[in-house]
Amino acid sequence: MKFPKYYLAAITAFIIWGFFSFVLKPLQAYPSPDILFYRIFFCVVLMWVTNVLFRRKNIAESRASFMQLEPKKRKNLIALTIISSLLLCANWFFFIYVMNHISVKAASFAYLLCPILTTVCAFIILKEHLSKLQWGAVAISFVGCIMLSYNSFNDVFYSFIVAISYALYLVLQKKFEGIDKFLLLSVQLLISSIVLLPFYPVYSGPLPTEIMFYSYILIIAIFFTITPMLLNLFALKGISSSTLGIMLYLNPLIGFFLAAFYYGEEISAMQIAAYSLIIVSIVIFNVGSYLKIKAVSTPVQ
């Protein structure tokens, strides 16, 4: 079976993102827009230097394939790429803002909402089918999210913005079939940087002079942006958007444990019960995925 490597890619990506606070918290004194600007600019430079130096053949092949498409399909591909870039840009900004200026728990809660929203968006946009067991798992996770949102409307509001932007981005990536993933991400990040560039002189703070700032931004660009996003795009080649969305729960679960045991944020019994429900929903959903895969791969007698 080919599926384990795609699951492994998804799991690895979300475990990496789960520890994102380790490199964001040291930058808490810097404005959120600055972190976003330099994160994207560093990613663009790194990826396009790699493309120009080592991937010219891939670029030529991708360009030739693009030109062979029908005009309507080319326009659709360009539109999808631009929309994906804008969603990605919005998701990053609001995530950094929530992480540094609301709370780690609120940022984690965004990625508790995200699997539910991804599943719904995949069902509506991609017509992905879920079994009754999987819908049951989604319902259980929804109950957990309702419990977590109790008396936290402000957190839920910001979390929803972060969640829906990434859910839509994730679902739309499934439409990029047969596209070089590294080049696709390079283009999306380039568009995001072009969109942000006019805002840089207005909304950025003083030019950072500390080596520490640029060191953390470089780590964020390579290990917390390019690597997990490529793993996500690779995983979508072999598993559905809904399944990848559910795997997202690894991110906030790690964030929850860090908030409780590392950052010392107050954790209530209600939150413990809610996260326990979400863990149960992950297990049930993936059991449902396994049963679907087994049913498809088992030959009819």
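Throughout this passage, a residue is called buried when its relative accessible area is under 20%, exposed when it is over 50%, and partly exposed in between, as found with a 1.4 Å probe on protein chains only. The structure is a predicted model, in which local features need pLDDT of at least 70 and side-chain atom pairs count only at pLDDT 80 or more, while totals for chains, interfaces and linings use all residues. Residues are numbered from 1 along each chain as its sequence is written, and side-chain values use heavy atoms, with hydrogens and water left out.

At 43% relative accessibility, V49 counts as partly exposed. V49 is found in helix 3, which covers residues 32-54; helices here are DSSP runs of H or I with at least four residues, strands are runs of E with at least two, and both are numbered from the N terminus. V49 and V98 are 49 residues apart along the chain, and their C-alpha atoms are separated by 31 Å.

In the UniProt annotation, from an unreviewed entry, "domain: EamA" covers residues 6-149 and 157-286. UniProt positions are given in the numbering used here, feature names are shortened, and annotations may be inferred rather than shown by experiment. Over residues 157-286, the chain is 76% helix and 0% strand, with 29 Å between the end C-alpha atoms.

G18 counts as buried, at 5% relative accessibility. The C-alpha atoms of G18 and I254 are separated by 5.1 Å, although the two residues are 236 residues apart along the chain.

Helix 6 holds two further residues to look at. L113 lies in helix 6 and is buried, with a relative accessible area of 15%. From C-alpha to C-alpha, L113 and I164 are 8.1 Å apart in space, and they are 51 residues apart in sequence. Y111 also lies in helix 6 and, at 7% relative accessibility, counts as buried. Between the C-alpha atoms of Y111 and S85 there are 19 Å, for a separation of 26 residues along the chain.

The loop between helix 6 (104-126) and helix 7 contains K127, which counts as exposed at 65% relative accessibility. Most residues other than glycine have a negative phi. For K127, phi is near 60°, a positive value in a residue other than glycine.

Helix 7 itself runs over residues 132-149. Its 18 residues reach 26 Å from the first C-alpha to the last, close to the 26 Å expected at 1.5 Å a residue, where the expected span is 1.5 Å times one less than the number of residues. Buried residues in helix 7 are Q134, A137, V138, S141, G144, C145 and L148. These residues sit on the same side of helix 7 because they cover an arc of only 115° around the axis, the arc being that of the directions from the helix axis to the C-beta atoms.

The largest pocket has a volume of about 580 Å³. Among the 22 residues that line this pocket, S62, F66, L77, T81 and I179 are the closest to its centre. Helix 4 (56-67), helix 5 (71-101) and helix 9 (181-196) each supply at least two residues of the lining, and helix 5 gives the most, with six. The lining of the largest pocket divides into 12 nonpolar, five polar and five charged residues; Ala, Val, Leu, Ile, Met, Phe, Trp, Tyr, Cys and Pro count as nonpolar, Asp, Glu, Lys and Arg as charged, and the others, Gly among them, as polar.

Two cavities of 30 Å³ or more are found in the whole structure. The largest cavity holds about 130 Å³ of space, and its lining residues include W17, R39, W92, Y111 and N251. Helix 5 provides the largest share of this lining, four residues.

Notes. 1 Å grid on protein atoms, 1.4 Å probe; cavity = no way out; pocket = protein on both sides within 12 Å on 5 of 7 lines; lining within 4 Å. Points joined across faces, edges and corners; volume = space filled by probe spheres on them.
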